[in-house]
Structure formats: C-alpha cells, structure tokens
Amino acid sequence: MRGMLRRTINEKLVLLSGDAHASMRWTVKGYHRKIYTEYGLALVGWPDDMVFTNLSDPELTGYRRISALYMRWQVGTLTFVPVELGKDERAAQNPMDVAPNVLNKGVPLRLGRSDLKKHRGSRKVDPARFPARYVRNGPKSARWVTPEMEARAEMELARLGGGGKPLDGDAQGSEDPSDPICSFSEDESATEAAAVVSGGTHQGCRASGRVVLLRTVLRME
C-alpha cells in the first residue's frame, strides 16, 4: 500500500507539473523548493495528527497510518492544488509556513564544513594515472649568484662567442678594443660612467673636443 500511494502521488505530480521526472519531496525544505516554488503546487488534506515526513519514516509506519493516508488520497481529501502566487512570491515564503502540516521535521540548520583548515586529498581517483599538471617543488634557480656561478657563466659566454677562446672584450669584463663604444642610450646612463676626452682620439673613435662616454663594468665582489 505504501508503494502504491507513493507511485500515484508521483504520477499526479507528473500530470500537473508537466515534468516527466517529477517526484514528491518529503522534507520541508525540499517540498518548498521543488513542489511549492518550482511547480506552484500545494499538498492539502494531510492529517493533523500525523507528522509530514517520508512514507518510510518510522513515525508513519504501520498499517493504520498508511491506510488512512491512502484512503484520503483515493477520495480526494489529500491532493495537490495550484498556488495563486507568482514564482518569486512563492520562493519568498517561509518553508515552515507552507509545509503540508505543522507537525514536521523542520528545516535543518545550515552548518559550516566540519573539516575546515584540514588537508584534503586530491579529487582524482588515481593520481598515478592523472598526475598534476606540473610539480610544485619551488623555484628552479638559486637564490643568490655566487662568484663561482658568475665565473661559469662567463666561461660559457666565452665558449659560445669566441669558438672556445675567451673574448677580448665584454667576456673579460672590459670594453672590446676592436669595437669601442661611442654612445649610449638613456636607459644605460645609470650604469655607465662619463669621461671627458678633450682634443684626442680613442681607438678609432675620433672625438676631438667632444665628450665621449666610456663604459665601465661595475663588479660586486
């Protein structure tokens, strides 16, 4: 009898709502959200002395209670009626005020998570098959540039630029005499030193009576 009552209630919901997957909600919150607000229906005729809850709940078990509900449904005393309110107005109603009966389980409190600040594992079923996109193991480069690292970098620069032989110029930390620097851009002015050369020449850069900027390499020991 319980199964028959549940099935006929769901069939009536499908017919009235037009939703092929409609089914009864037996909690106050679910009833208000799905049946009352979304479908615009209200269940009326629930017995005053019975708790509104799932038909399988211990408080509704027993032949007397289930048969009483079934007979009410058969004769039309327990049925669905349309709600004469808009959807927004229905949603604004208090779930407790629209419950089929004042005897009900109430609306459970909305508590926070019980695992706050606790480490939660990966959602992947098998991390070995689906590893992370990249390994988060910190920065790849060293925090400081040591003199040894600088020396290795200069040797590598000499190897790439001089065919295995150190360069005469920048790789040794000074100006290349075969290609002297005659001018600098504005953004290099902070790292360059100014020298005034009057009436002379400098490695092919004839600058008589002119100011020539010479690069100086600042080293930090």
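In this tour, helices are DSSP runs of H or I with at least four residues, and they are numbered from the N terminus. With that in mind, select Ala 68, which sits in helix 3. Please remember throughout that this is a predicted model.

**First stop: Ala 68**

Is Ala 68 buried, exposed or partly exposed? Its relative accessibility is 28%, so Ala 68 counts as partly exposed, because that class lies between under 20% for buried and over 50% for exposed. Ala 68 and Pro 47 are 21 residues apart in sequence, and their C-alpha atoms are 8.6 Å apart in space.

**Zoom out: the whole chain**

You can look for 6 helices and 6 strands. The chain has 221 residues, and 25% of them count as buried. Switch to a surface view if you like: the chain exposes about 16,500 Å², with carbon and sulfur atoms supplying 53% of that area. As for contacts between residues at least 6 apart in sequence, 56% of them join residues at least 24 apart.

**Next: helix 1 against helix 3**

Return to helix 3 and select helix 1 (2-17) along with it. Two packed helices are described by the angle between their axes and the distance between the axes. Here the axes of helix 1 and helix 3 come within 10 Å and cross at roughly 35°. The crossing of helix 1 past helix 3 is left-handed.

Which residues of the two helices meet? Show the side chains of these two groups:

- From helix 1: Arg 2, Met 4, Leu 5, Thr 8, Ile 9 and Lys 12.
- From helix 3: Ile 66, Leu 69, Tyr 70 and Trp 73.

Sorted by class, this contact has 7 nonpolar, 1 polar and 2 charged residues.

**Then: helix 2**

Select helix 2 (28-38). This helix is mostly covered, with 8 of its 11 residues buried. Colour the buried ones: Val 28, Gly 30, Tyr 31, His 32, Lys 34, Ile 35, Tyr 36 and Thr 37. What do they pack against? Their partners are helix 1, strand 1, strand 2 (79-82), helix 4 (87-92) and helix 5 (95-98). Before moving on, click on Gly 40, which follows helix 2 and has a positive phi, near 70°.

**Last stop: the aromatic rings**

The structure holds 5 aromatic pairs, and two of them are on this tour. Start with Trp 26 and Trp 46: their ring centres are 6.2 Å apart and their planes stand at 55°, so this pair is tilted. Trp 26 is in the loop between helix 1 and helix 2, while Trp 46 is in the loop between strand 1 (41-44) and helix 3 (63-75), so the pair links distant parts of the chain, 20 residues apart. Both Trp 26 and Trp 46 are buried.

Now select Tyr 31 and Phe 52. Their ring centres lie 5.8 Å apart with planes at 70°, so this pair is edge-to-face. Tyr 31 belongs to helix 2 and Phe 52 to the loop between strand 1 and helix 3, so the pair ties together parts that are 21 residues apart in sequence. Tyr 31 is buried, with a relative accessible area of 0%, and Phe 52 is buried too, at 1%.

To finish, show Trp 26, Tyr 31, Trp 46 and Phe 52 together: these four residues form one aromatic cluster.

Notes
Residues are numbered from 1 along each chain as its sequence is written. This is a predicted model: local features need pLDDT of at least 70, side-chain atom pairs count only at pLDDT 80 or more; totals for chains, interfaces and linings use all residues. Side-chain values use heavy atoms; hydrogens and water are left out. Rings of Phe, Tyr and Trp (its six-membered ring) pair if their centres lie within 6.5 Å; planes under 30 degrees apart count as stacked, over 60 as edge-to-face and the rest as tilted. Buried means under 20% relative accessible area, exposed over 50%, partly exposed in between (1.4 Å probe, protein chains only). Contact means heavy atoms within 4.5 Å. Accessible areas come from the Shrake-Rupley method with a 1.4 Å probe; for residues, only the protein chains shown count as cover. Axes are lines fitted to C-alpha atoms, for helices over the stretch in contact, and angles run from 0 to 180 degrees between N-to-C directions. A crossing is left-handed if the near helix is turned anticlockwise from the far one by less than a right angle, and right-handed if clockwise. Ala, Val, Leu, Ile, Met, Phe, Trp, Tyr, Cys and Pro count as nonpolar, Asp, Glu, Lys and Arg as charged, and the others, Gly among them, as polar.
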